[in-house]
Structures are given as C-alpha cells and as structure tokens.
Amino acid sequence: MENSLLLTYLILTPFIGSFLILFFKKGQEHLIRYTALAISTIAFIISVIIYFQFDSANAGFQFIDKFHWIKGLNIHYHVGIDGMSLLLVLLTTFLTPLTLVSSWSSIESKVKEFTFFFLMLEVGMLGVFISLDLFLFYVFWEAMLIPMYFIIGIWGGKERIYAAVKFFIYTMFGSLLMLVALIWLAVYAIGPLGYFTTNLIELYAVSPQIPIDIQTWMFIAFAFSFAIKVPVFPLHTWLPDAHVQAPTAGSVILAGVLLKMGTYGLLRFNLPLFPEVSVAAAPYISILAIIGIIYGALVSMVQTDIKKLVAYSSVSHLGFVVLGIFAMTQESIQGAIIQMVNHGLSTGALFLLVGIIYERTHTREISDYGGIAKLVPVFAFALMFASLSSVGLPGLNGFIGEFLILLGSFKSPVLGSWWFTVFAASGVIFAAVYLLWMYQRVVYGEVTNPKLNGLKDMNNREIFVLFPIFIFIVWIGIYPSTFLKVSDKSTAKVVKQMYNPEKINPVQMGLIQSTK
Amino acid sequence: MRDLIYLTVILPLLGFLINGIFGSKIKNEKLIGIIGSGVVGISFLIALGAFFETLALPLEQRQKIVSLFSWMVVGKLNVSFAFQVDQLSLVMALVVTGVGFIIHVYSIGYMHGDKGYWRFFSYMNLFIFAMMNLILADNFVLLFLGWEGVGLCSYLLIGFWYDRKFEKSTVAEASKKAFIVNRVGDFGFLLGMFLIFMTFGSLNFNEVFSRAVSFNVPAYVYGFIAIFLFIGATGKSAQIPLFVWLPDAMAGPTPVSALIHAATMVTAGVYMVARTSIIYASAPQIMMVIAIIGALTAFFAATIGIVQNDIKKVLAYSTVSQLGYMFLAMGVGAFSAGIFHVMTHAFFKALLFLAAGSVIHAMHEEQDIQKFGGLKKYMPRTHITFLIAALAISGIPPLSGFFSKDEILWFSFANSGLFLWIIGAGTAMMTAFYMFRLYILTFDGKERFGKDKHPHESPAVITIPLIVLAVLSVIGGFVGIPEVFSGEHGNQFHNWLAPIFKDADRKLAHFNLYSHSTEILLMVLSVVFAVSAIWFARYVYLKKPSIASDTAKRFKGLYNLLWNKYFVDEVYDAVIINPIVKTSKSFLWQIADNKIIDGVVNGTAKLIDIFSVNIRKLQNGVAQFYALVMVLGIVAAFFWIILSL
C-alpha cells in the first residue's frame, strides 16, 4: 500500500487521547487508567492492521501520508514506514499499554499528569519512527524529551532531579549537533536540486554527492547525537542514573523504545545518507560498540543494585546492535533490528520484574535478597525466564539477534577481520556471568533477611503484563520469520547501498574464500 | 517410524510442559512419574522402530531428513527445525532415550517424597528434549540449540536443591559454575560455526560436509574450525582445561549425575567431533592435539580419582577420565570406536551412579566411603550390579567395557604409536584400581558406619533399573566384537557406522601395519594390567589397609596435590576470576565510569557554571562601573594602536 492515512491515525490516537485525559477530574484515577489503556490498545490494534497490510516484498516506504506543513521552507508533514520502522512501531505500541498497566499500583500521585505525559511520550516515539522529513523527525525527537524529563523528574527516585537534568542535557547536546547538520544538509541540497528540502527520500539521492570531508562532519554530527541516545561507550553515563531514578514504567520505555531511537537513527540516517563515510567509520564505531559490550557487562557484573545491573546490561546489549549495524551485512543488520525488538522485550521484562519486587520490599540492594525462590515461585520463574532471554539462550529471542549479528559481523567485508567478532562474542560469556550471578544471589540460597518473610507472589495484573512479553520472547526464538521477513527487503536495500559485494576481495579479509 | 522421529523430540517437550505447568497441582507422585518416564519410554520405542526400519534398508537409503519448519532465513543463512535420521544419530538416540527411560523410572523411587518432585521430572524431560535436538539436528544451529539447552537443564538440575550447601560452597554456586564454564566452550563453538558459514556458505550438515570434500579450502582454515569447535567440546565434555565444572555438578540429585553428567550430555562433545569427522580429518594436527588432550585428561582425572573419598566424586573423575578416552579415540581417527565407548560407558557409568545412589539412600545421604564398608550383606542386588559395572569399566572380558576400551587402545597404538598406548593402558590400570578401591571400601571389609545407620536394600523400582543396566553392561559389547575374533564379518558396530565416517577415513587413509598377533598381545597385556590392579586394590584395602595410609603419609606432597585436584580451581580463581571482578569493580565502575567519564561530563557543566557565575559579575548594573570599563577599553585600544604604529 503506497499511500494511506493509517499512520496518521496511529499517531493521532495517543495525541488526541492524551488531551482527553486532561478532562478527567481528581479522584477519577480508575477511569483515567482504563481510558489510557483503551487508547493505547487502539493504537496497538492500528499498528497490527498496518502489519497485516504491509507488503514485505516491497523494500521502499509504504503507508505514506504527506502534506505541506511550513510552506515557505518546503517542510512537510511526511510519514511512511519500511520494514525496519514497522517492527519498532509495533514494539512501541505493544509495550505502551503493558507499561501503563504495570504502573497502576506504583504510580499513585498525579495519575492524570503521568498518563498525559506517557501518551505524549508515545506520540513522540511513534513520530520518530515514521517521519520521512528530517525536520519533522527532529521535532518529534526533541518533543519526546519533555515528557520523559518530567516522568523521571516528578515520579522518580531520590536523585531524580540530578538524573533528569543529566539525561536532558546529554541528549540536548547531541540534538543540537544534529540540528546543525540537518540544516547544513538541507542547504547543501539546494545546489543539485535547486530548492531547499528536508525530504529524506530526496536527500538520500543528493547526500552522497556532497564533498567527502563535509559528509564526514555531517556524519559525525548525526552519529554523535544518536550515539548518546543508544548509548555508545563512552557516552553512556546518563543511562544508569536515568534508569535507576526513573519509575518502573519510565525505565521500561526508556530501555524498551527510547534507546532504539539512537540505533534506528544510525540505520535510517547515517548509513544511507553517508554510505562512503559509514564504511570508512565502521571499524572505529565497531570498536566502540565492542568496548561497550564488554565494558557494560563487566560493570554490570559488579553492581550491588539490581536496577543498575539491568541498566548497565543495556549498554552491553545495545553494543551488539551497533556492531550489527556497522558490520553492514544483511545477516548482521537483520540481527540488529531483531535485537532492538528483543532488547525491548527482555530488558523491559527485567525492569518490570525489578519494579514488582521493589514495590514489595522497597529495596534494590542485591544483598538484601536471597532465597526468595521458595517464597515467590512464580516471580522466580519469571525472572529466570527473562534472564535467559537476555542471556541469549537458543530457543528464545535473544539468541536470534545475537547469533545473526555475530554471524554477519564475522564475515563482514567492511570490518575485514575476525577479531571484532571474537571480542564481541565474549559478551555471551559475560552476559551469563552477570545475570546468573544476580539470579543466584537474589533467588537461590536460604532466606536470611527476616523482612522477606511474608513476601507476596505476583498478582494477576502483574502476570497479565508479563505474559504477552513472554509469548513474544518464545515466538521470536522459535519462529522469527514472522518478524525477519518484514524487514528482509529493506535491510537488503540498505546493504546494497553501502558497498558492492562483488567488489570485495576476500583475500583482503585475511581469509581466502574457498573455491570450487 | 523414521518419519515419526520428530515425536522423540516433541513428546519429552510435552512431558516438560505438562509437569511444568500442572505439576504443582498434581498431588499424585505416581502420575507425575508416569508422565515423565512415559514420554521418554515412548520416544525410545519410536527410536527403536526407526532403527529397525533403517536396518532393513539398503546402505544408500539409510539417511533421511525429516523437516518440520524453517527457523532462520536471512541472506545466505537458511536453517530449519529439521532432524537427520542416520546411523550415528540413531545410535545416540537409542542410548539417550533408552538409558534416559531407565533413569526416569529409577527416579520415581529415588525422588520419592521430594518437595520438587514435579519440577524434577519436568526438568528431566526438558533435558531429553534438548539432547534429542542436539543429536538429531541436521544443522549446526539446531545442534547448538540442543547444546545450550542441555547446558541449561544441567544448570537447573545441579541447582535443584538450590537452598543447600555443597562442600565449601553452595549448590547454587556449583550450578552457576557449570553454566558459565560451558558458556566459555560455547563461545568457541559459536566462532567455529561462523567460520564454517564464511567458508562454506551454509550451516547445514549435508551441504557443509559435501563442500568440505569438494571445495579447495586451505588447511589452516580447517585447523581453525576444528580448534574452535573443539573448545566447545572441552566445555561440554569436561576436558582439560574446562573440566572443572563436572566434579561440582555432583551437587545435583544422583539420577541427574547418572543421566546428564555421565551417560549422555557430557558425551555431546564426542558426538559433535564424530559428526564433523570430515573437518577433523582435514586438520590432522588438530586431531593430534585432541588425542593428546584426551589422553592427558584421562590420565590426570584418574590420578585424582584414586584419592577421593566421596563416592560420587570418584565416579565424577572417572567420568572425566573415560571421556578423555573417547577423545583419544577421536584424535587417533577411531571415530566408531569412540562412539562405541560412548554407548558402553553410558551403560556401566549410569549403573555405577544409580547403584551409588542406592547406597547413598541406604546410608541416609552419607557419601563418604570411609564411613561405608561391608554393605554387600545388606544390599545384595545393589552390590552385585555395582560389581558388574566395576568389572566392565575396568575392562575385564567379556564385559562391554573391555571391547570398547580395548578398541580405543588398539587404534591409539596402530594409528599413533606406543606413547599414547602407554598413557591409555596406564590409565586403564588406575581405573581398575580406584574402581575396586571404591567397591571394596563400600561393599567389602569391615562395617565402618555407626549404629544409627540401618542399611537396607532399595525397593524394586530402584533395583530393577540397576539389573537392566547390569545386563546391558554385560552384553552391550557384543555388538562390537573386534575383527580379530569375529572373523570375516568384521566389527558389526564399526560396519554400521562406516558410511558416516567414510569420507573422513578416506582422507586419513590409515594403513594397518600390525598383525593380529600384535593386537592380541596388547589385548592380553591390558587385561593383565587390569587384573593385577584389581588384585592390588584388594591387597591394599582388604588385607593391609595400613599400606594406604602409610603411602599417603610418606608422599604427603603428592597426596595433597591429588586430594586438592591439582589446585586447578584455586588457580583459575586467582589468575582469571578474581582479577576480572576486582578490576571491574574498583577500576571500570568506580574510577572509569564514576570518576573519569562522569567527571568530564559534570566537570564541563561545572566549568560552564563557574564561567557564567563570573561573567555575570560584569553585568552588575552600576553605571559607573560600565563607564570605567569603557574608559579602560579605550585606553587599551589607544595604546595598542600606538604600539602597532
């Protein structure tokens, strides 16, 4: 389907919904919660309809809607999706209602405001994934910061102000560089095109003609902005603070969706806009990604706070995604996309579980726990399951992503050496170390902390939130084709833009390809 | 029945789901046990049917792929949930479901009264599911799914009694150790898969193996693939340097030790090497490495086994040692001999563990053989079956262990030379010695247990599985009677597997330079070694117990070294684990992250803050101050112009 209003409906649903919420009065918390759930569920249903109407044989953009927004500057409201964005849209609309439900017991003050910000957040996230106009993208990118800032700053933990400001300034700093680069790019396009434009599809065609040194600066500006969001080592220190201070729902969305905006940006803008620079930069960015994988895992291992442990594990997991993107083989990019979804599910589940236990005990210190397997068996099972998904156990989702990324990067012509994969693959060992060690200290052993006695197991609402996530964890693990096929053509197209596979000489890669 | 082979995978999965989801609500132990063992039993029957069907077919039709659905299709990668039924996978399937079924039945009695009864059976079924994936897979990725899956089950089952202590540490610690050490191996396995994919453009067995024959690939590439995959095997099959997890795995319930940590899972590495024999045959240097690592593992594990006092620990080191034999076989190119030993070992080692479990039950969870003695009077069936297994593992003819072990020793000599034979034969001698030390201290001699213990024979649900396994340990070797005895028909087991290994055999092209008389001579020698070792064990532990303690005292240093298992765990802790944890904590986290990176970030913020606080002072709103600054500025400009003239 080439043109469609569905995406506009999709983004309008939470937008209008959030203003609807404002009409409720104090004391109508229940009503607010159910209305928000209904609104976000409608958004999810619309995105599922889009999935079924999506033509996965088409590599281009579909469901396009376009009209003039700022006429004088030739800026459009221009939305559309391809296979890569569709999966992230689905992830967003899937996680939002679940996260809203998860916050029913943890958010008790200012429910109306919280719900309003949360739906606004969904608008921002969806906008980022569907924008085909650079300026529109930038507006959503920035707009999304505001609700997140308030969610951390108002409903967060003790150090929430520090964390919220740090998060805001870090991201803002990157965004400004991106703004400069995108204006520069649009101005540059006047040369070949004869008019000013921020239309991404037009810029795709123009940008490779820009002199390479200028492209390099633009690449750096974009990459910097996205790398902060991912976050790529060493720009990650906002993340542990933001995650730990944010309320559970905030952490879930932050890890589940917001971080993917960075990797999505790299894939949507950096690679196709500046292919030559991307290929040249690939080894350097991959090195940072691999440092992130190992560094994130090692720092995660020694955390004493469960939530911080999960937060640092994100640095490690997102390192895999960045490696997959910059290895630039179809296997690795497909792996990166599915890994974005996976990380949203498994880390989302881990944050939900940490939130569930924190609500009961009001402590996140690992040493305060121990032996809870006997007290809360359902919780113990759920934590094991989410951890195994995160560890990358074959049969569950995490394996598919990691395997494809590593498989693709191993034979990547732009990296040109096995060593990248050898180091990155060591991450699979460390992931097992930090998660199983945490699990052992929290769940196994004997109960030594008397305060834990009488701990209540997960209730039906909590099970209801986690169950759909677990379904998809298994689904992607066993039958990933449902999702891989969606982005298959789009990723193939990206890879083709980057380099000509025929030209790459295997001998340069340090391995002589076998001959018949 | 071949077409139904997927049921041998699905049924155990079903058992896992039923007992896993509803188990806590089924209050009836018997029902849980029947579901758990039933699914494995039916799987065994299906595998048996498939075996006879295959046996009736002519040679060229004996391989079949049963495909379910595609798993990952990306770029050149195309792997499916597809199962390969052939001579090798059928042997393994029969062993896993057959021995697995016997151990499930045994567990009905052994786990009686345990709070986690349903959990136990669901994990065991999950294990069979994963193991069947591992051996039936028609591609590397599905094999890896099974490979990691059995690792997970091992983790869950070692940690079954997760709140208990184990030796100096905890059960939970032992289970985590097993998983992580296995992951180190898996890391190698993954790299091996990547290199295979890069070299051959596929991960399906048939494609890779046929391209390994037809493609012209540099030898060093084979070498890397072989070594990467072998790293995986050292993890799963507990070889040097990754064997450390297996002795600790004894923290799990005894049926688990029997099934997973002796009979089946730990032989996965051997199976994998046999399956990829063509790749190993193309990397002869790596085969030599494997042979040496196998022989050394066999030898050193046996030396440790001699001094241990925990009945399960002795058996654990014996398992490590026997696995070493199997890798020795792989390394010298005796693939079918290695698989033969996998099979016979599954019989007698499962029996040894189950009999040990029977003893442990009778002695109220006591495992120290110093506190046993004279049990044969109380537990006649356990006693006699244990004795049979001990004779089998010692290589006494005509029990099963004799045939398989002797074949390995013979090929070590014929394909590689005297050195490996001497290590192998020396290990066989030690094996006979420590097994009979174990046997005598447990069943023979004086009773050394207190009056509070009332040993008794176990119920039929436990002893019948022992008897079945004892029968298998006796007759299991007859399928592989060596050519020297069986004449023109040759070794039946070898003939059955020959099509699997034909490409590898062709590449290795061994010439048998030795005569039958040499073979018989070596055979007689090894039997003489074993018998004398048994006699010596009887002499030391029955007639003159003082010898043992005197020797231990005289060679205190050596004894301590063996008692502490060469301090390998301690070295790993000191050299690898502690430095990593310490650096991560005190440098990476507390300094690099909190001080350096955050220091730069917050420092920048502070700098801007200081700058703006100070620059703000300029705008103090006092007009006289502004006038002063202006005058100073004009004066400065004036001077600058004059000076530059």
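**Figure 1. Helices α3 and α21 of chain A in the predicted model**. The axes of helix α3 (residues 83-102) and helix α21 (residues 481-498), both of chain A, come within 7 Å and cross at roughly 145°. On the α3(A) side, the contact is formed by A:G83, A:M84, A:L86 and A:L87. The α21(A) side contributes A:F483, A:V486, A:S487, A:D488, A:K489, A:S490 and A:T491. Sorted by class, the residues in this contact of α3(A) with α21(A) are five nonpolar, four polar and two charged. Two packed helices are described by the angle between their axes and the distance between the axes.

**Figure 2. Chain A and its overall dimensions**. Chain A contains 21 helices and two strands. Its C-alpha atoms fill a box of roughly 70 × 60 × 40 Å along the principal axes. A compact globule of 516 residues would have a radius of gyration near 24 Å, and the 22 Å of chain A agrees with this.

**Figure 3. Burial and contacts in chain A**. Of the 516 residues of chain A, 60% count as buried. Among contacts in chain A between residues at least 6 apart in sequence, 80% join residues at least 24 apart.

Figure 4. B:H516 counts as exposed because it has 12 C-beta neighbours inside 10 Å, and a residue with 12 or fewer is classed as exposed. B:E483 lies 33 residues from B:H516 along the chain, and the C-alpha atoms of the two are separated by 9.2 Å.

Conventions
Residues numbered from 1 in each chain as written. Chains lettered and ligands numbered in written order. Predicted model: local features only at pLDDT ≥ 70, side-chain atom pairs only at ≥ 80, totals over all residues. Buried ≥ 20, exposed ≤ 12 C-beta atoms within 10 Å, placed from the backbone. Helix = DSSP H or I, 4+ residues; strand = E, 2+ residues; numbered from the N terminus. Rg over C-alpha atoms; globule rule 2.2 N^0.38 Å. Contact = placed C-beta atoms within 7 Å. Axes fitted to C-alpha atoms, helices over the stretch in contact; angles between N-to-C directions. Nonpolar A, V, L, I, M, F, W, Y, C, P; charged D, E, K, R; others polar.
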